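Hi there,

I'm passing a structure over to you, with a few notes on what turned up in it. Please have a look at it alongside the text below.

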Amino acid sequence: MSWVWRERRAFDPGAARSRLVQVAYASGAVDHLEPGRYSKIVSEALFWPAQSFGSQGAWQGPVYLLTNGQTYSAAEMFAAVSRDNRLAKTVGQRTGGDGCGFMSKMQPLVLPHSGLSFRIPDCVRLRADGSDEVAGIAPDLPVSAAPGESRRAMAQKTLQAIAADLAPRP
């Protein structure tokens, strides 16, 4: 399955030898579920965010998630699901792109000429739009640090990007 990490192909569950199966979305068995359409038990089984529908209303304002190249694994999935369900916008830098991570204990790949050794994630989680997290999740509001920039200055740039996003459009 190494082609998954080298190539960008459209997902085709019927393709011969793809060895990928469409089991579900990162949000459950379906990519979206209209609230109130099914019973609570059925909704929660089909669409995992439905488990939190009962606590909706606690905060009605916008939500922003900070991401960078060190955002991996469950944090990356949380950012993807939050964006796919229009619950939050991401701010910062592209996530690390771990897919859903390392599912088996594989030996690191060693490049023969350079001797460079690295591990390759062996799991792909497909998102609602058909993309995956292998290349990371690009932020809705990109904010990058300049070389040598302090954390305080970076925080200020991040807050300015959020303020600009919240500003009313003419």
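Predicted model: local features only at pLDDT ≥ 70, side-chain atom pairs only at ≥ 80, totals over all residues.

Let's begin with the inside. The largest nonpolar core has seven residues: Tyr64, Val91, Leu141, Val143, Met154, Ala161 and Ile162. Helix H4 (residues 151–166) gives the largest share of this core, three residues.

Leucine 141 may be worth a click in your viewer. Leaving aside residues up to four places away in sequence, leucine 141 touches Tyr64, Thr90, Val91, Gly92, Ala161, Ile162 and Asp165.

Next comes helix H3, which runs over residues 73–84. Glu76, Ala79, Ala80, Val81, Ser82 and Asp84 are the buried residues here, and their cover includes strand S1 (64–67) and strand S2 (89–92). Just past the end of H3, arginine 86 has a positive phi of about 55°.

Finally, the surface. Leu109, Leu111, Leu116 and Phe118 form a nonpolar patch of about 320 Å². One of them, leucine 109, sits in strand S3 (residues 109–110). Is leucine 109 buried, partly exposed or exposed? Its relative accessibility is 40%, so leucine 109 counts as partly exposed.

Key
Residues numbered from 1 in each chain as written. Heavy atoms only, no water. Patch = residues over 30% accessible without salt bridge, like charges linked within 9 Å, V, L, I, M, F, W, Y side chains within 5 Å. Areas by Shrake-Rupley, 256 points an atom, 1.4 Å probe, with all protein chains shown as cover. Salt bridge = Lys/Arg side-chain N within 4 Å of Asp/Glu carboxyl O. Helix = DSSP H or I, 4+ residues; strand = E, 2+ residues; numbered from the N terminus. Buried < 20%, exposed > 50% of the residue type's maximum accessible area, 1.4 Å probe, protein only. Expected span 1.5 Å × (residues − 1). Contact = heavy atoms within 4.5 Å. Core = buried A, V, L, I, M, F, W, Y, C linked by side-chain atoms within 4.5 Å.
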